[in-house]
Amino acid sequence: MDCAHWSEPPVTFVPDTVTESAKIVVAGGFGVGKTTLIGSVSEVTPLRMEEPVTVDSVGVDDLAGAPQKTTTTVGMDFGRLHLAGGQLVLYLFGLPGQLRFQPLWEDLADGALGCLVLADTRNLDACHSALDLLEAQQTPYAVAINAFPDAPVYDDVELRQALALTPRTPLTTCDARDRASSLYALITLTEYLTAPHAAPSQEPRP
């Protein structure tokens, strides 16, 4: 996959070269790295709706995988990214990770061309709710494993089985802190969405 073809130097405006635009949502469990990924790729200052993690989260939000996490998204994240030599602009919407925000997930996912689902191998079950919602809304998606330093590593066969992914659902690995790595994950999704077989006809998960 040629990232250079897709990603040019950042632009902070919508250039005249843009011929296509797409709404992309970024979903996944609590603390999986959605805010970080959007921040690493956005060419404009990302919009973040975060609040401090308080004692009210104890027993509700699982901080086991992110003990130093001090804020959490309570609305959405928003960023903008140009690809394909400035011809395509992606509007990125990050969904809050907690299940209690599911009504907001449904609203934000409405009209999205596709979704990048971030997963953490320390808690793969955390992204099942997002995957189920995408299936219900017939939103095509790709899955990216955010490679945390202390996370266990599994092969693709094990990951696909654990996440109940169909054979053609894209599965990749990224580091949400790294722009090139995050771009690769988004490009994987975008190429899947623009392929001839893409979209709403995605087979249901087993």
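A nonpolar core here is a set of buried Ala, Val, Leu, Ile, Met, Phe, Trp, Tyr and Cys residues joined through side-chain atoms within 4.5 Å, with buried meaning under 20% relative accessible area (1.4 Å probe, protein chains only). The largest one has 26 residues, and Leu37, Leu81, Leu90, Leu92, Leu116 and Leu186 make the most contacts inside it. Keep in mind that this is a predicted model: local features need pLDDT of at least 70, side-chain atom pairs count only at pLDDT 80 or more, and totals for chains, interfaces and linings use all residues. Numbering runs from 1 along each chain as its sequence is written, and side-chain values use heavy atoms, with hydrogens and water left out.

**Who builds the core**
- H6 gives the most, with seven residues; helices (H or I, at least four residues) and strands (E, at least two) are DSSP runs, numbered from the N terminus.
- Strands E1 (20-28) and E4 (88-94) are among the elements that each supply at least two residues.
- There's also a second, separate core of 22 residues, including Leu124 and Cys127.

**Around Leu186**
- Leu186 sits in H6 (residues 179-194) and is buried, at 1% relative accessible area.
- Beyond four places in sequence, its contacts (heavy atoms within 4.5 Å) are Ile24, Leu37, Val41, Leu81, Leu92 and Leu116.
- Leu81 touches Leu186 too, with Arg179 and Leu183 also among its partners.

**Strand pairing**
- E1 and E4 run parallel, joined by seven bridges (pairing takes at least two DSSP bridges), and Ile24 has Leu92 in E4 as its bridge partner.
- E1 also pairs with E5 in the parallel sense, over five bridges; Val26 is partnered there by Leu116.

Technical notes: Buried < 20%, exposed > 50% of the residue type's maximum accessible area, 1.4 Å probe, protein only.
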